[in-house]
Amino acid sequence: MTVDLSTLAFPNLTLEEVDGGVLIVTLDRSAKRNALDAETIEALVALFSILPRSTARAVVLAAEGDHFCAGLDLVEHHEADRSPADFMHLCLRWHEAFNKMEYGGIPIIASLKGAVVGGGLELASAAHIRVADASTYFALPEGQRGLFTGGGATIRVANLVGKARMIDMMLTGRIYQGPEAVEVGLVQYLVEGSSLDTSLELARKAAQNLPLTNFAICSAVSHLGNMSALDAAYAEAVIAGVVNTQPAARERLNAFAKGTAARVRPNG
Ligand code: 1HE
């Protein structure tokens with residue numbers, strides 16, 4: 001059953017369907033710099049659990065205000081005075097949300113600005129493409145706060161920048177921004193104008209792919225990365241068997257065979 005996106009509503013998130021099958025999901029807690037409290041994490045779990053069964057073909061994850069996300073809600077955490085078990089269970093909900101994003105099969109483009117720090121970087125790392133603007137900066141300030149990452153930074157940020165850089169960020173509070181953020185792998189795009197415009201452009205492009213192809217790209221690639229090379233090669237062949245023979249692809253292959261499909265050539 002396909003879920004009607006217009007019926008969905010979640011705390012601290014706004015949803016806007018735009019043309020081309022693109023859904024803009026906006027973090028809407030800018031008074032708190034979009035810090036992730038428990039309620040917002042539950043909203044992300046619920047939303048990204050549903051999206052694979054909706055009409056959304058691609059998502060732009062954006063934010064209200066000047067900052068993408070200030071990470072864990074430190075005030076809530078301080079006031080809740082959580083037990084180790086309570087915080088472990090909370091972190092498992094963060095993982096549930098971010099795993100639904102990374103493995104859900106729907107392309108997610110994160111439109112970044114301002115602070116993308118701590119849990120905010122963990123959230124951005126669960127997207128498939130990250131777009132920064134001139135204001136965007138990245139950090140893992142957990143070390144300075146007497147904390148440790150709990151939303152997957154040791155896995156996803158390490159995958160992006162490597163273990164040594166991630167440890168440096170955690171130990172020293174090192175901030176990455178601008179071209180250096182691209183060089184180290186934190187983002188694929190750095191734009192002069194608005195990261196939202198470029199994210200929408202990229203999402204519209206991705207949404208034109210067949211949904212089963214995008215499912216393989218935005219789910220299988222991550223699953224394959226968790227396997228041994230031998231098993232990953234086997235599973236890749238099985239997935240390609242399904243995806244590359246999908247009836248919906250025949251029209252595209254036919255167009256190529258007839259010479260009417262676009263060729264792959266660089267601009268200019
Ligand atoms: C918050 C949070 C937050 C802002 N939790 N309330 N993350 C951090 O260590 C980053 C903490 N935040 C900051 O460094 C700054 O807020 C910013 C650089 C992001 C933005 O600065 P600014 O000057 O625009 O805002 P502000 O004055 O610091 O904050 C505005 C309000 O947002 C204020 O609330 P108010 O009620 O006093 O107006 C702040 O308290 C609130 N706010 N950030 C709660 N993070 C699963 S483990 C993950 C572990 C982590 O993520 S640790 C990293 C935490």
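Which helices and strands each supply at least two residues of the shell around the ligand? They are helix H2 (74–80), strand S5 (115–117), helix H4 and helix H5 (142–145). Helices (H or I, at least four residues) and strands (E, at least two) are DSSP runs, numbered from the N terminus. The model is predicted, with local features requiring pLDDT of at least 70 and side-chain atom pairs counted only at pLDDT 80 or more, while totals for chains, interfaces and linings use all residues. Residues are numbered from 1 along each chain as its sequence is written, and side-chain values use heavy atoms, with hydrogens and water left out.

There are 24 residues around the ligand, and Lys32, Arg33, Ala70, Gly119 and Arg145 come nearest; a residue belongs here if one of its heavy atoms lies within 4 Å of the molecule. By class, twelve of the shell residues are nonpolar, six polar and six charged. In this count Ala, Val, Leu, Ile, Met, Phe, Trp, Tyr, Cys and Pro are nonpolar, Asp, Glu, Lys and Arg are charged, and the others, Gly among them, are polar.

At Gly119, a polar backbone atom lies 2.7 Å from an oxygen of the ligand. On its own the ligand has 1,000 Å² of accessible area, of which the protein covers 69% (Shrake-Rupley method, 1.4 Å probe).

The largest core has 54 residues, and Leu44, Phe68, Phe98, Leu123 and Phe138 touch the most other members. Among the elements that each supply at least two of its residues are strand S2 (22–27), helix H1 (38–50), strand S3 (58–63) and helix H3 (84–103). The largest share, seven residues, comes from H1. A second, separate core has twelve residues, including Ile24, Ala62, Ile109 and Leu200.

Leu61, in strand S3, is buried at 0% relative accessible area. Not counting residues up to four places away in sequence, Leu61 touches Val25, Leu27, Phe68, Met101, Ile108, Ile109, Ala110, Ser111 and Leu123 (contact being heavy atoms within 4.5 Å). Leu61 and Ser111 are 50 residues apart in sequence, yet their C-alpha atoms are 5.9 Å apart.

Ser125 belongs to helix H4 and counts as buried at 7% relative accessibility. A polar atom of the Ser125 side chain lies 2.6 Å from the backbone oxygen of Leu121. Beyond its neighbours within four places in sequence, Ser125 is in contact with Arg130, Arg156, Val157 and Leu160.

Most residues other than glycine have a negative phi. Asn12, in the segment before strand S1 (13–18), has a positive phi near 65° and is buried at 18% relative accessible area. Asn34 has a positive phi of about 60°; this residue lies in the loop between S2 and H1 and is buried, with a relative accessible area of 2%.

Technical notes:
A nonpolar core is a set of buried Ala, Val, Leu, Ile, Met, Phe, Trp, Tyr and Cys residues joined through side-chain atoms within 4.5 Å. Buried means under 20% relative accessible area, exposed over 50%, partly exposed in between (1.4 Å probe, protein chains only). A polar contact is a pair of N or O atoms within 3.5 Å; within protein, one must be able to donate a hydrogen and the other to accept it, and residues adjacent in sequence count only if both atoms are side-chain atoms.
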